[in-house]
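Here is a short report on one protein model. Look through the structure first, then read on.

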Amino acid sequence: MSTVDYKGRSQRFSALRAFRSYVEKVIGVPGMKALLVDKETMTMVSLVISQTEIISKQVFIVEPIDNKSGNSSSSSTVDRQMSHLKAVCLLRPCKASISALEGALRKPKFKEYHIFFTNFVTDAALRSIAAADDFELVKQLQEYYADYYAVNEDLWHANMGRSRSLYGKRSHWTSADHDVLQRITQAILAMMLSAKKRPVVRYQNASSLAQTVAKEVIRGMKEESQVFDFRDSSRPVLLILDRREDPITPLLMQWTYQAMVHELLTITNNRVDMRNCPNVKKDMAQVVMSITQDQFFRESYTFNYGDLGKAIKGLVNKYKEKKTSQKIDTIQDMQRFVEQYPELKTFQGNVSKHVGVMVEMNRRVKEEKLMAVSEVEQNLACDKSHGTAVQEVMRMLGDSKVSFKRKVCISALYHLRYERHRGNEMATIRSLLKDQAKTPTNQKLVRFVDEIIRYAGEKVRGGELYGSRGGFFSSLKSVFSGGLSEIENVYTRYKPILSSVLDTLLKGNLSVQDYPYMDQVGSSNVDNVFVFVIGGVTYSEAALVAAINKSSSGCRVILGGSCIHNSTSFINDVLGLFPDMKEVEIDIKAEG
């Protein structure tokens with residue numbers, strides 16, 4: 001698995017490159033060392049750099065700052081003194097991590113400590129850390145603004161998959177809800193500091209939550225005005241959107257590689273668990289899908305299903321050519337083969353991975369009739385005929401090969417489209433779903449078709465979902481050549497609201513009434529845009545952004561969100577919005 005070399009690449013801002021640069025500074029402390037991380041930074045680091053690269057920087061141990069079980073990347077035990085090693089600590093400035101750091105300083109096992117926090121540290125925390133440093137082993141303490149999860153060059157998230165409770169009245173918020181808001185704000189501020197930009201903030205006026213987040217971001221920039229004082233006079237736009245204004249995107253079957261893998265297999269921190277897939281070999285039980293460590297995935301993650309099949313076929317043919325070209329007639333041939341064998345073995349593993357993932361996705365597409373399902377979903381999203389819609393929904397509900405989750409998604413799309421339509425069949429559809437819900441999981445799932453209306457029905461949304469005011473399904477003619485516009489077909493007719501919003505914003509025509517400025521009015525000429533979606537983004541929206549960035553030499557769009565949704569996580573999030581369902585976590589894969 002080859003690691004992508006960022007050296008020499010364009011210097012347009014990249015979330016991956018920004019985070020990686022911080023990690024390189026941390027592990028660049030001279031000498032032999034241990035890297036101490038917390039639960040979150042462990043994952044953040046793994047997204048941007050491989051363990052092999054970390055080891056190459058004389059890092060001999062990687063372990064949690066609060067390691068009590070002896071788990072680490074070395075065979076050494078926690079209790080053993082490591083007086084010959086330095087400790088470099090990359091930590092979030094949260095109570096748990098600071099407390100663990102203080103414990104480590106009171107009972108030190110390393111000869112010195114270099115501490116790097118991923119965000120702002122309070123004066124109280126600094127005093128507490130200083131008080132714990134009895135042996136005066138702390139050599140430096142710095143703030144590196146790497147407080148986010150970088151997935152693609154233009155995609156990141158805050159790992160807050162449960163932001164649903166924020167939609168309740170703020171007077172009813174718990175301390176946990178306030179913590180979620182603070183975490184989202186911290187992630188946005190860290191991203192802007194990584195980019196070395198103080199943005200002009202705009203927000204979706206229809207969403208009170210978007211306005212709240214925008215206010216918190218402005219307040220954070222004012223409180224930390226010194227670090228936001230950049231010489232660069234350019235002011236990018238930070239646009240705060242709300243997932244509730246576009247509940248359609250996470251419900252649709254996806255057909256680009258990264259989005260499709262997440263929908264059918266689920267990507268968790270760049271890893272895909274395939275243990276429950278039939279006929280999977282042991283070495284394919286868990287595979288890594290990372291654009292930083294896999295050149296083929298980097299080149300193909302936005303490919304549609306048809307182009308992906310051709311690309312993987314080309315990858316297989318390339319491997320066959322490499323394998324058959326290995327002739328061993330002389331001692332020099334033998335030496336060359338031995339030198340090239342590790343690379344060939346790695347290539348073989350990468351080919352096997354993508355073929356295996358494609359085979360499994362293809363199996364699911366055929367067995368669960370996902371093309372037929374997708375066509376119905378697209379029709380519900382884009383067409384107006386109620387009579388045809390009812391017939392198609394009933395046909396899908398009556399098909400035993402269609403999974404129950406996809407039946408629920410189709411029903412939810414119908415409810416969103418026709419909730420105000422006189423003579424709709426919502427009651428009939430709910431009744432059919434209830435009759436088919438034979439398991440506890442599916443019985444809970446039935447409630448989603450009602451909850452989606454409470455979450456994002458017409459009474460809740462600010463904009464017209466199907467209207468002509470730049471809504472989700474109005475006719476869009478993208479100004480961007482190439483990319484997704486070339487693969488539009490019956491399965492990809494729908495365009496997320498993000499498409500029209502970005503199109504209008506980049507032309508300088510985004511409505512100030514619908515998307516007002518929070519603090520200061522910016523220029524109509526927009527070069528860089530940072531979008532944050534409260535309630536989560538999707539890989540289909542990420543593919544849209546990637547297409548914009550690929551086709552534009554000047555403009556740069558960076559997409560972020562509370563988390564990255566597929567239909568399963570979105571359903572769980574919506575079901576958890578309401579007090580009587582806060583603890584619901586549905587394992588849809590297990591029951592169908």
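The model is predicted: local features need pLDDT of at least 70, side-chain atom pairs count only at pLDDT 80 or more, and totals for chains, interfaces and linings use all residues. Residues are numbered from 1 along each chain as its sequence is written, and side-chain values use heavy atoms, without hydrogens and water.

Helices here are DSSP runs (H or I, at least four residues), numbered from the N terminus. Helix α15 spans residues 426-436, and its buried residues (under 20% relative accessible area) are Met-426, Ile-429 and Leu-433. Seen down the axis, they fall within an arc of 65° (taken from the directions from the helix axis to the C-beta atoms), so they line one face of α15.

Next, the nonpolar cores. Each is a set of buried Ala, Val, Leu, Ile, Met, Phe, Trp, Tyr and Cys residues joined through side-chain atoms within 4.5 Å. The largest holds 162 residues; Ile-240, Met-361 and Phe-448 touch the most other members. Helix α6 gives the most to this core, ten residues. A second, separate core has 23 residues, including Ile-65 and Cys-89.

Arg-183 sits in α6 (residues 175-194). At 4% relative accessibility, Arg-183 counts as buried. Its side chain reaches the backbone oxygen of Asp-147 at 3.2 Å.

Conventions
Helices (H or I, at least four residues) and strands (E, at least two) are DSSP runs, numbered from the N terminus. Buried means under 20% relative accessible area, exposed over 50%, partly exposed in between (1.4 Å probe, protein chains only). A polar contact is a pair of N or O atoms within 3.5 Å; within protein, one must be able to donate a hydrogen and the other to accept it, and residues adjacent in sequence count only if both atoms are side-chain atoms.
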